[in-house]
Amino acid sequence: MIRYLFAFWLLLGTAWAHKINLFISQEGERVEIYSYFANGNPCKKCQLLIKNHDTILLKGVLNDEGKYQYLATHKNLEIIVNTEGGHSVKEEIETQNLHPQNLKSHLQSEQSKEQINAMLGLLLIFLIFFLLKKIKQ
Amino acid sequence: MKKIAVWIVSLGVVAHAHFLTLLPSRDTVWDKNETTIAFDIAFMHPFEQTAMDMEAPKIYLNNRKTPLPLTQSRKLEHKAWRSSCTIKTPSVYKFFVEPQPYFESAEEKFILHIPKVIISAFGMQKGWDEPIGLKYEIVPLTKPFGLYSGNQFRAKVLHDGKPAPDVEVEVELYNVFGLQAPTEAHITQIVKTDANGIFSFVMNHKGWWGFAALIQEGSLEHEGRSYPVENGALMWVKAY
């Protein structure tokens, strides 16, 4: 029993040693995300997920310094960083000085992105049909 | 008779170790809403909680290029000092104080102790084992924050950047708990550094512990006479 407890304690120790930290600072709508290990190593290329409630706003990757700069478009953000090894850290923040105009333009750009994607899809389908028709001739 | 009385009083003073306290309001910073650290700076006997007047020192962050503001205060009815620093980014922060030399007439020497304290902010622990580069310095070999009572504190004493062997290290608890020492001999614990300048001590009570490695070197003038200088490399560590 003591052996198992010792093994569990060792595992806990290992988990803590690899604990990642998340430090978020804000300047206006600019959100600076910095993730690092206790020994000072940055969380390189770690997965970044930014959510507003259940809506995913961004799926990204931290740079070699463990950082990411995000322009906030929603007031409430949940920022999650995951390592390949399965360690995870998250923090919920309320962004400051968010301009409603930004949110509107963000939604518009997201809408136009969706429209462009739909048009590209249709164009691709048309091209496939066109090529098939050409091949048959 | 008068001479004997003075001698007895002097002996009593000698028995009590002097410490320059540099006590921060916290040894780690986690909460973004509580990032300002306040420092209490005083010259005192920490276990007995008695103090001396202290003239204006200088307090620095990491190096002498970054001084911090200072305001006068009172500690145990004596002149003391306060400072503060607001932490903004994750890092390990090293604070140290340079006092004016204190002439201790009872011991016929100057006391020049330079205390330091190390604070971790937002989970960053890199660099706590690196020296600042002081002439006399205690460099921890045990992570100097987030410690429990019962932990052993190990450190290396450096003199001009080199390990200082056979140096006396006085240790006292900052006794805000009203603890009574069984005898005078229990107030200041003493350990000595080994051939590599390393010492260790088990902190058997929660609270701030002061470690003072004492190296007598140099001399200073007082009223036309030359007196030796007791240089102290000090470090404060908190046990929970």
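Predicted model: local features only at pLDDT ≥ 70, side-chain atom pairs only at ≥ 80, totals over all residues.
View 1. B:Glu104 sits across from B:Lys109, a residue of E11(B). Strand E10 of chain B covers residues 102–104, and its pairing with E11(B) is antiparallel, with three bridges. Between the two strands of this hairpin there are four residues, and B:Glu108 adopts a positive phi near 50 degrees.

View 2. How many of the 13 residues of strand E11 (residues 109–121) of chain B are buried? Twelve of them are, so the strand is largely enclosed by the rest of the structure. Look for B:Phe95, which faces B:Val117 of E11(B). Strand E2 of chain B, made of residues 28–29, runs parallel to E11(B) and is joined to E11(B) by two bridges. In that pairing, B:Thr28 has B:Ser120 of E11(B) as its bridge partner.

View 3. E19(B) pairs with E11(B) in the parallel sense, over eight bridges. B:Ala233 belongs to this strand, which spans residues 225–239 of chain B. B:Ala233 counts as buried because it has 27 C-beta neighbours inside 10 Å, where 20 or more are needed. Leaving aside residues up to four places away in sequence, B:Ala233 touches B:Ile114, B:Leu134, B:Tyr136, B:Glu137, B:Ile138, B:Val157 and B:Ala213. For a handy distance to check, take the C-alpha atoms of B:Ala233 and B:Ala155: they are 12 Å apart, while 78 residues separate the two along the chain.

**View 4. A three-stranded sheet in chain A.** The open sheet shown here has the strand order E1-E2-E5 in chain A, with antiparallel pairing. E1 (20–27) and E5 (67–71) of chain A are the edge strands, each with a single partner, so one side of each has no neighbour in the sheet. On average, and ignoring direction, neighbouring strands of this sheet are turned by 20 degrees against each other. Eight bridges link E1(A) to strand E2 (residues 30–37) of chain A in the antiparallel sense. One of the pairs to look for is A:Ile20 with A:Phe37, its bridge partner in E2(A).

**View 5. Chain A as a whole.** Chain A holds two helices and seven strands, which follow the order α-β-β-β-β-β-β-β-α from the N terminus. Of its 137 residues, 16% are buried. Among contacts in chain A with a separation of 6 or more, 47% join residues 24 or more positions apart.

**View 6. The contact between the chains, and confidence in the model.** Six residues of chain A and six residues of chain B make up the contact. On the chain B side, these are three nonpolar, two polar and one charged. The model scores are ipTM 0.77 and pTM 0.80. Chain B has a mean pLDDT of 93, with 93% of its residues at 70 or more.

Conventions. Residues numbered from 1 in each chain as written. Chains lettered and ligands numbered in written order. Pairing = 2+ DSSP bridges. Axes fitted to C-alpha atoms, helices over the stretch in contact; angles between N-to-C directions. Contact = placed C-beta atoms within 7 Å. Nonpolar A, V, L, I, M, F, W, Y, C, P; charged D, E, K, R; others polar. pLDDT = per-residue confidence, 0-100.
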